[in-house]
Every structure is written in C-alpha cells, then in structure tokens.
Amino acid sequence: MSVASVADLKVGSAAWIERTTLSAVETCRLAQLELARNDERFFSLEADLGDFGGFPFRDEFPGRSIDFGIAEASMIGAAGGLSLRGKIPLINTFASFGLMRACEQVRLDLCYHKANAKIFGTFAGLQAGFSGPTHHSIEDIAIARAFPNMTVIAPADAVSAYWATLAAGHHPGPVFVRLAVDVTAQVYGEDCPFEIGKGNTLREGGDLTLVASGLTVVAEALGAAKILAGEGIEARVLDLHTVKPIDRELLAQAARETGLLITVEEHTIYGGLGGAVAEAVAEEAPVPMRILGIPDSYAEYVGPYPEHLRRYGLDAAGIAASARQALAARRER
Amino acid sequence: MALTNASELPQSDRWADLRDTAQALRHHIVHMAADSPGAHVGGSMSVTEILTVLFFDGVLHVDPSQPKMEGRDYLIFSKGHASAALYAALAERGFFPVEELKTYKQMGSRLAGHSLKSIPGVELATGSLGHGLPVGNGVAMAGKYDGLPYRTFVVLGDGECQEGSVWEAAMAAAHYKLDNLVAIVDRNGVQEDGPTEQIMALEPFADKWRSFGWEVREVDGHDVEDLSKALHAVPFATGKPSLVLARTVKGKGVSFAEHAHSWHYGKLSSEQRERALADLGPQPVRGGRS
C-alpha cells in the first residue's frame, strides 16, 4: 500500500478499497498516520512487528516513532509513562503478545491509570492460520474485557478498522482494537457508521438474530443470513464492533423482537462476545442463546485460515447450520 | 515545621539534619508497622536515606502545594511495597498531613499497603514489581521529545531486579540514551524468602547494569553525604542513563529486623514497637537547626 496514493480518495470508496487492499492492519495504520498528522500527541510504538509494507509512520514522524524491540512489557510500560506526560501512544503488535505477554502492564500501567493509550492487536483470532497456537489469539477479548476502564473493539472489515482506529484515537482512556493482517471480506463501503458502544444493524429479520463481532465472522454471518433467507428464515444481523461497553439497548431489542440470539466470534466461547452478550441479555431480556466460537481448546490443526473457520463452524455454512439447530430446539421446547 | 532543603544549610548542619530526617521517617515507619495490620518493615527501613536525600536535600524538583506542577521531576517508587517509607517522606515533605500517617492501612484510608495513584506526590501506583523502570522510560522519552529539563527518578528494590521487565527497560533506556533517567537500586541483599544471592543471585550486579549501557555509581545507601553527592551529580555521563547502586541494610536501625528476611513484612507487637523505638533513639525534632 502506498499511503500517499489514497490520500485524496474517499475512505471506503471503491478506489480506496482497491488501493488499500482491504487489510485491516494497513487501514488501521493509515488512520494512525491521520491521527498523528493532526495532533502531535500521537506516538507510534512498535515491538519489532511493524513492517507491513514499509514504515510510513516512522518515515514521516521519526521523533514520534519508538521501537522497543522484542520486549512487550517494556513497550506497554513506556506507553503508560508517555501517557502520564499527555502523549497518546498507539501500540502496535500481535494481539496475543500485546495483551498476554504484557498482561499486567496493560492491567496496571494502562487500565488502572486510565492511560490514554491504544493497543492495536493484529493476528487476532485464528488469522495466523498455519502459524499455530502460539500465534493464534483466542483469549484476548476475555482478557481485555475483564480490565476496568478498558474499551474493546473488534471491527468487521478494513473500512471499519479505519474508522475504529480514528474513534479509538479520540476516545479517552485505554482501548484495545482487534485486527488482522490478511485481506478480509468487505462489509462496509463509503457508508460505515462507527460510534464506540453502538452496534450496527446490517440486516433486518424477525426469526432470530446473529450477533457477530470482528473481521471475517461478520461477513460470514451475513453470508449465513443469505443462506437462511433462501430457506425462508429471516435472520437479523448485528455488527457489535464494540464488545465493551456493549450495546445493551440494541441487544435487548433484538432479544425481544426475535427471541433467539446466536453470537459469532473468532475467540474462545468463554468470556468473549458471547459472554458479554449473555451478561447483557440475561439482565435485560432473557432469551435462548447459542455461543459460536472456538471450544475449550487450542487450534493445533495445521491449515489455512478459512479451513480453521470451517472446522469450528464459523463460516457461513456452519453458522447457518447452528441457526437451524437452535431454531429447531426452540420449536421443541 | 519540616525542613525541605537541607542543601541550603551549612555543610556541618546539612548532613546532621538529613540524618535526623531519616530517623524521623523511621519513627513513623515503626508506628505504621505497629498500628496497622502490618508493613514492609525491612525494605522501608533500607530505603529511608534514599528517600530522605531525594526529598529533603533539594534533589527532586517538586512542590508539595502543587503535586502536578508542570516542570517537576518525576519520582517513580517502583518498590511500592515499601509504601510506609514513601508515605512518611511525602507527609514530612508536606504532600499531605503527617497526622494522616496514622490512617496507614486503616479502613477508608487512602494510604493503602501499596500506593494508590490518587495520593498526592505519587506519580505511578506501584506494588507489583518490575513496572517502574519501563514506565520511567516513557516519562523520560516524553521529556526528550518535548525538550524539557525535568528528570525521572525510579527507585527499585534489588529483588525486584529479578523481573525480566527491568532488564527490557534497562536495555531500552540505554538504547534511547535517556540521560534524563536515574534509577536507584536499594541493594539491601535480602528478599522475602531469604538473601538474594541464595534465592536468585544478582551479582555481579553493578557489572550487569554497566554491560546494559548504564553509568553506575555505588554508594553507601545509609550515608546521606555519599547519596547526596551521587544524586546531585546526575547524569553521570551524557547520553547514558544513571544508576545509583545503594548498598543498604534490610531493616536498618531496628536491631531485630536488620538483615532478617522474616521482617520483609510484619506487624510490630507493642513490645517490638518499644524495642524498635529504643533502637532508633529519641525522635529527632525536625527542623530544629533551621
């Protein structure tokens, strides 16, 4: 991606999408540049995982670009220190390393101190595919969500990732944004409403609600809705890009109006989107739920990313199958 | 009335005054460890002169009436378990009333066993070890970027230096030439489970820091004159972070707690309080020489 080549294009337009190649990590970095150009408080922090087609931030703002080498605790701690001085660190690394290797630095130096720091975690979920469980990140939402003061965002595609990054930059306090390196399916175009804490209804439907969050699976949920529509089942689809704070109002409405919620996430089924939705719905409008994600296991199977999704039933066909089963179970009750 | 800057006194009075201040802080620590459910006695007693020279000898540029004053030096007290010593120093320096020390670890108090971020004079909540130096790097980096003259002082325990994050940060501080950063290690030689060299050896400790790119000075951490000369001489080298390796005694000043890992943490009984106070001698009348 050439950063300069998209400067004059409308974000999310066909030409912009073509040039940005729809990789969320690249559009996130594009937005980071935008933040830095407009506000000198923004710093870019790296831990030796920053080369996604060059270093445009480092090239343009060398004084505000700090690489800590392979030392996440050092990086996150320093982010806490920078934020004590009013800087806004934009922390870039893999989701698993940023949140788990440096977990306690995130907890104390960022979250307890309400540091105005943003963590952009790439390779979230199973996107690292062939790389194996060391690089899969399937617990990050649960961990990030448990920290007081933390905002947790999982954008649905590269366009959404751009707006999520800008929103995170302007949102006071610590924010974790879940990203991926590969090109992922497009959900949004020029019209991409993004407000932290406010989910988007992508498709109306009254038979059940698919609640999805994150790259790939939101698009897969839309695909599942299309399959189900062919069978006469109308599924509502919500993009819950902000897992914390969760959009309780939108969820309660969907629960009341459709009576069945199925959450879809590329994350362990414990404590992620499914947990967050269950917590809200149980209090607001209890209805049957299904939580689709990765069962209590590490993905040792060696294979490409799409195959991982298929095996866990997180592709459109798998989501549609779960929806059918859940509807059948509800009819039997 | 507390003295705040012994460095303005004649040399003959200056060191005596600082020694008095350190003993006054120790008296507070003894009472905090006796009146509360317990305190980290050993590490509080060993770090007393370090805090005394930082706060009462004109090293730290801070203003208790404006704890967040722009341009202040930053003190990051990474060995946060020794909060009794930090609170005693902050109170005597005027960041909050000395009377408030009585509320140490009492219900509803802000003086928690490990410092809360809301306490005046506390820049970073510490207690979990290995956090101070990475955060100190960030504060120092911001100062370099902004071209501001403030300094960042980080006080570490020696056992704390078994944490890997300390060495990650040590590497980064040297790599980025943070000569506005000063780390002071309270080398009391004893950690919770026993002597550091038995639990997890740190020596050759000074050489480790040197090899990581720091300019090191070793001092007697209970000799206020030695400490003062070192802390007024930072940075020791242009373009390098400074490390003061302060040789101290765990539990210093309280005979039964000296060198005793069992007094890493504890509550003083009333009898132990009396013995400790007898060891320390009469509470100095602070500021009496001014």
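## Contact between the chains

In this predicted model, 21 residues of chain A are in contact with 18 residues of chain B, two residues being in contact if their C-beta atoms, placed from the backbone, lie within 7 Å. On the chain B side, helix H5 (132-146) and helix H6 (164-175) are the elements that give two or more residues. Helices (H or I, at least four residues) and strands (E, at least two) are DSSP runs numbered from the N terminus. H5(B) supplies nine residues, the largest share of the side of chain B that touches chain A.

By class, that side of chain B has nine nonpolar, six polar and three charged residues. Here Ala, Val, Leu, Ile, Met, Phe, Trp, Tyr, Cys and Pro count as nonpolar, Asp, Glu, Lys and Arg as charged, and the others, Gly among them, as polar.

## Basis of the model

Residues are numbered from 1 along each chain as its sequence is written, and chains are lettered from A and ligands numbered from 1 in the order in which they are written. This is a predicted model, in which local features need pLDDT of at least 70, side-chain atom pairs count only at pLDDT 80 or more, and totals for chains, interfaces and linings use all residues.

## Overall form of the two chains

Chain A contains 13 helices and 12 strands. Its radius of gyration is 19 Å, close to the 20 Å that the globule rule gives for 333 residues, so chain A is as compact as a globular protein of that length. The radius is taken over C-alpha atoms, and the rule is 2.2 Å times the number of residues to the power 0.38. The C-alpha trace of chain A spans about 65 × 40 × 40 Å along its principal axes. Of the 333 residues of chain A, 57% count as buried. A residue is buried if 20 or more other C-beta atoms lie within 10 Å of its own, exposed if 12 or fewer, and partly exposed in between, with C-beta atoms placed from the backbone. Among contacts in chain A between residues at least 6 apart in sequence, 77% join residues at least 24 apart.

Chain B has 10 helices and seven strands. For its 290 residues the globule rule gives 19 Å, and the radius of gyration of chain B is 18 Å, close to that value, so chain B is as compact as a globular protein of that length. Along the principal axes, the C-alpha atoms of chain B fill a box of roughly 50 × 45 × 40 Å. Buried residues make up 53% of chain B. Among its contacts between residues at least 6 apart in sequence, 76% join residues at least 24 apart.

## Domains of chain A

Chain A is divided into domain 1 (3-178) and domain 2 (200-332); the bounds come from an automatic or database domain assignment. The C-alpha centres of the two domains lie 26 Å apart. The contact between them takes 25 residues from domain 1 and 29 residues from domain 2. Helix H7 (140-146), strand S5 (151-153) and helix H8 (158-170) of chain A each supply at least two residues of the domain 1 side. That side has 14 nonpolar, seven polar and four charged residues.

H8(A) has 13 residues and reaches 19 Å from its first C-alpha to its last, close to the 18 Å expected at 1.5 Å a residue; the expected span is 1.5 Å times one less than the number of residues. H8(A) is mostly covered, with 11 of its 13 residues buried. Among them are A:Tyr162, A:Trp163 and A:Thr165.

## Nonpolar core

The largest nonpolar core has 202 residues, of which A:Leu210, A:Ala221 and B:Ile29 touch the most other members. Such a core is a set of buried Ala, Val, Leu, Ile, Met, Phe, Trp, Tyr and Cys residues joined through C-beta atoms within 7 Å. Helix H1 (residues 11-35) of chain B gives nine residues, the largest share of this core. Domain 1 and domain 2 of chain A both give residues to this core, so it lies between them.

Not counting residues up to four places away in sequence, A:Ala221 touches A:Leu210, A:Ala212, A:Val237, A:Val264 and A:Ile319.

## Backbone details in loops

The peptide bond from A:Lys244 to A:Pro245 is cis, with omega near -5°. A:Pro245 sits in the loop between strand S10 (242-244) and helix H10 (248-258) of chain A. In chain B, the peptide bond from B:Glu203 to B:Pro204 is cis, with omega near 0°.

A:Lys114 has a positive phi of about 50° although it is not a glycine. A:Lys114 lies in the loop between helix H6 (103-112) and strand S4 (118-122) of chain A. With 15 C-beta neighbours inside 10 Å, A:Lys114 counts as partly exposed.
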